Structures are given as C-alpha cells and as structure tokens.
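Thank you all for coming; please have a look at the sequence and the structure as I bring them up, and then I will walk you through a few of the features.

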Amino acid sequence: MKRLKLPLLYLLSFALSILPLAIYVLLNLDSYVTTPKDAVRLSFGGVIVLVLIGLKTLGKLRLGSRVTALAFVFVLSYLLKPVLLDLEILSFLALVGEALDLIVCHFIKKEKAKTEGEKIAKETARQIEGVLNGRV
C-alpha cells in the first residue's frame with residue numbers, strides 16, 4: 001500500500017482537477033452536441049484538454065513559445081466551440097478543480113519528502129552497517 005500511496009495521490013489530483021468540469025459538461029451535453037460533427041470536435045478537444053491537465057498534474061506541462069501557446073488556444077477554441085458560450089461557468093468550475101488539486105498537491109509533496117527521507121535513512125543505515133562490520 002505504501003508504494004501505491006503516491007500514484008493514488010496523483011490520480012486523485014488529476015480526478016479532482018477535471019471532476020467539476022466533467023460533471024457540468026456531462027449534465028449539459030445535449031446542448032453542446034447537436035450534430036455528429038460537434039460530437040467529434042468536442043471529443044478531440046476534450047482529449048487534448050485531458051492530456052494538458054494530466055501533464056500539468058505531473059508537473060510536465062511546458063509551453064515553449066507564444067506561438068505554441070496561441071496555437072493551442074486556437075485549436076482548442078475551434079474544437080470546443082460549443083462550450084465556449086458557458087466559459088464563465090466552466091472557468092469557475094476549473095478554478096474549483098484547481099483549488100481542490102492544490103490541496104492534494106500538498107499531500108503529494110509531503111509523501112514525496114517522506115519517501116525521500118526514508119531512502120536517505122536506509123542508505124545511511126546501510127553505510128553505517130558497512131563501516132561497523134569492517135571495524136569489528
């Protein structure tokens with residue numbers, strides 16, 4: 001269970017980041033998807049957003065330049081056009097998700113520090129044991 005604690009915290013962090021938005025979008029899906037084309041565009045946009053949130057959760061999200069950032073904004077605004085009318089509500093729900101994610105990130109940092117401390121303690125004990133076994 002100890003080895004699973006950190007991955008489970010990352011998974012919880014990711015889930016809390018997307019949960020408020022996902023619930024709202026699922027509840028209003030009939031107003032966002034009127035044609036099969038809208039469904040495909042919204043699906044592609046949702047996958048891109050999930051990947052970006054996953055990278056952000058892992059701390060790996062890096063947008064290289066302004067051109068890259070603006071290209072992401074353009075592509076996402078095209079793909080997510082049906083939900084842009086609810087941008088105020090969606091941005092608030094994203095803010096709620098990020099606040100919940102910050103709480104979980106605190107526990108992730110504590111768990112990482114604890115794991116690192118245990119590694120250092122084990123290595124120190126092994127080194128001391130080696131020195132004492134050499135002298136006695």
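Let me begin with a term: a salt bridge here is a side-chain nitrogen of Lys or Arg within 4 Å of a carboxyl oxygen of Asp or Glu. Please keep in mind that what you see is a predicted model, and that a search through the whole of this structure turns up two salt bridges. One of them joins E111 to K5, with 3.5 Å between the closest N and O atoms. Since E111 belongs to helix α5, residues 87-135, and K5 to helix α1, residues 2-27, the pair ties together parts that lie 106 residues apart in sequence.

Now let us turn to two other helices, and ask how α3 and α4 pack against each other. Helix α4 covers residues 66-79, and its axis is 8 Å from that of α3, at an angle of about 140 degrees, and the two are therefore described as oblique to each other. On the α3 side the contact is made by K37, R41, L42, F44, G45, I48, V49 and L52, while α4 brings F72, V75, L76, Y78 and L79.

Technical notes. Residues are numbered from 1 along each chain as its sequence is written. This is a predicted model: local features need pLDDT of at least 70, side-chain atom pairs count only at pLDDT 80 or more; totals for chains, interfaces and linings use all residues. Side-chain values use heavy atoms; hydrogens and water are left out. Axes are lines fitted to C-alpha atoms, for helices over the stretch in contact, and angles run from 0 to 180 degrees between N-to-C directions. Helices (H or I, at least four residues) and strands (E, at least two) are DSSP runs, numbered from the N terminus. Angles under 35 degrees count as roughly parallel, over 145 as roughly antiparallel, 65 to 115 as roughly perpendicular and the rest as oblique. Contact means heavy atoms within 4.5 Å.
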